[in-house]
Amino acid sequence: MAGIGGYVGLKPLFDKEAQKSLSESSKSVDSELQRINFTVQEKLAPNLISNVDVQILSDGPPTSKKTDSNGYLEIEIPTRKTVTIILKKKGYNSETYLVNLQTDPKTTRTFYIEREESLSSSASSPQEPQNNRSSSTPSVSSSSSTGTLPNKYVGNWIGNLTENNSTDNSSTQVNAEIVFKTGNVGSKVANTSYFGNTYECHGVLVLRSANPDSIELLETITYGKCAVNATIKIKRLGDDFLEFKSTAPNSPLLISGNITRK
């Protein structure tokens, strides 16, 4: 009986320890949340967009929310290095951003979406987004070529590129991701994301010319401080390998390297 009584007597102690452990675990989970905030703006006009469907993807279940009447969204999510943010609204083209949350974590970011009917005009007359690294915005003539992006390019591509600066002969590494979709010359066919040592940029690519083994694109930066109106040339090295080269007018930077299918 003493043995049984001693065992039973341990139960309240066990319950208290279990409750304490669960409480500490809950506090630990709460402490691992991080707050992110951003606004959603129309790409070709300074209009903040309300009621944009926002989906945030990371390792766990997706988180969904809408921007408020001022195009603003603030949300707490589990701490992650990067997340994928998908923006959707009727009448606009869906946009996908890969965001490094460790870059300027206290900054209110701005993401852009584009009206469906403005694709053709934006392709022929790209506008300078805010906060670009280049101090000038040279005009770039649109390509007169016709064609369609070959299906072999469609999909997600990632790579570690080298950014060379001809001003001081320095170089640094840049992680890049490009998501291609089908489209014709003159239309937007890709979203880009770049993560350097001290910066983060996102952009869109408009197809200028297309061949089975190479394509040329014009890049417009939608977020971050990167070179304006860069020309990107991509050459196929195989089914899962591409050669990437990016240059911009009046910029000393050359970004090049290979990207692989994700």
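**Strands, aromatic pairs and a disulfide in a predicted model**

Strand β2 (residues 53–57) is joined to β3 by 4 bridges, and the two strands run antiparallel. Within this pairing, Q55 stands opposite S64 in β3. Strands are said to pair if DSSP finds at least two bridges between them. The structure is a predicted model, in which local features need pLDDT of at least 70 and side-chain atom pairs count only at pLDDT 80 or more, whereas totals for chains, interfaces and linings use all residues. Residues are numbered from 1 along each chain as its sequence is written, and side-chain values use heavy atoms, with hydrogens and water left out.

The protein chain contains 2 helices and 15 strands. Both kinds of element are DSSP runs numbered from the N terminus, helices being H or I with at least four residues and strands E with at least two. Of the 262 residues of the protein chain, 42% count as buried. Buried means under 20% relative accessible area, exposed means over 50%, and partly exposed lies in between (1.4 Å probe, protein chains only). The accessible surface of the protein chain comes to about 14200 Å², and 49% of this surface belongs to carbon and sulfur atoms. Accessible areas come from the Shrake-Rupley method with a 1.4 Å probe; for residues, only the protein chains shown count as cover. Among the contacts in the protein chain with a separation of 6 or more, 50% are between residues 24 or more positions apart. Contact means heavy atoms within 4.5 Å.

Strands β2 and β3 belong to an open sheet of 4 strands, in the order β3-β2-β5-β6 and with antiparallel pairing. The edge strands of this sheet are β3 (63–66) and β6 (95–100), each of which pairs on one side only. From one strand to the next, the twist averages 20°. For such angles, axes are lines fitted to C-alpha atoms, for helices over the stretch in contact, and the angles run from 0 to 180 degrees between N-to-C directions.

Aromatic rings were examined next. A pair of aromatic rings is described by the distance of the centres and the angle of the planes. Rings of Phe, Tyr and Trp (its six-membered ring) pair if their centres lie within 6.5 Å; planes under 30 degrees apart count as stacked, over 60 as edge-to-face and the rest as tilted. By this rule the count comes to 4 aromatic pairs. In one of them, the ring centres of Y97 and F111 are 4.6 Å apart and the planes are at 35°, so the pair is tilted. Because Y97 lies in strand β6 and F111 in strand β7 (residues 109–113), the pair ties together parts that are 14 residues apart in sequence. Y97 is buried, with a relative accessible area of 4%, and F111 is also buried, with a relative accessible area of 0%. F111 forms a tilted aromatic pair with Y223 as well, with 5.9 Å from centre to centre and 45° between the planes. Since F111 lies in strand β7 and Y223 in strand β12 (residues 214–223), this pair ties together parts that are 112 residues apart in sequence. Like F111, Y223 is buried. Together, F38, Y97, F111 and Y223 form one aromatic cluster.

A disulfide is a covalent bond between the sulfur atoms of two cysteines. A disulfide was counted where a pair of cysteine sulfur atoms lies within 2.5 Å. A search of the whole structure finds 1 disulfide. It is formed by C201 and C226, with their sulfur atoms 2.0 Å apart. The torsion about the S-S bond of C201 and C226 is about 100°, so the disulfide is right-handed. The pair links distant parts of the chain, with C201 in strand β11 (residues 200–210) and C226 in the loop between β12 and β13 (230–238), 25 residues apart. Both C201 and C226 are buried.

N51 has a positive phi of about 55° although it is not a glycine. This residue lies in the loop between β1 (33–42) and β2 and is partly exposed, with a relative accessible area of 45%. N169, also not a glycine, has a positive phi of about 60°. N169 lies in the loop between β8 (155–165) and β9 (170–180) and is exposed, with a relative accessible area of 69%.
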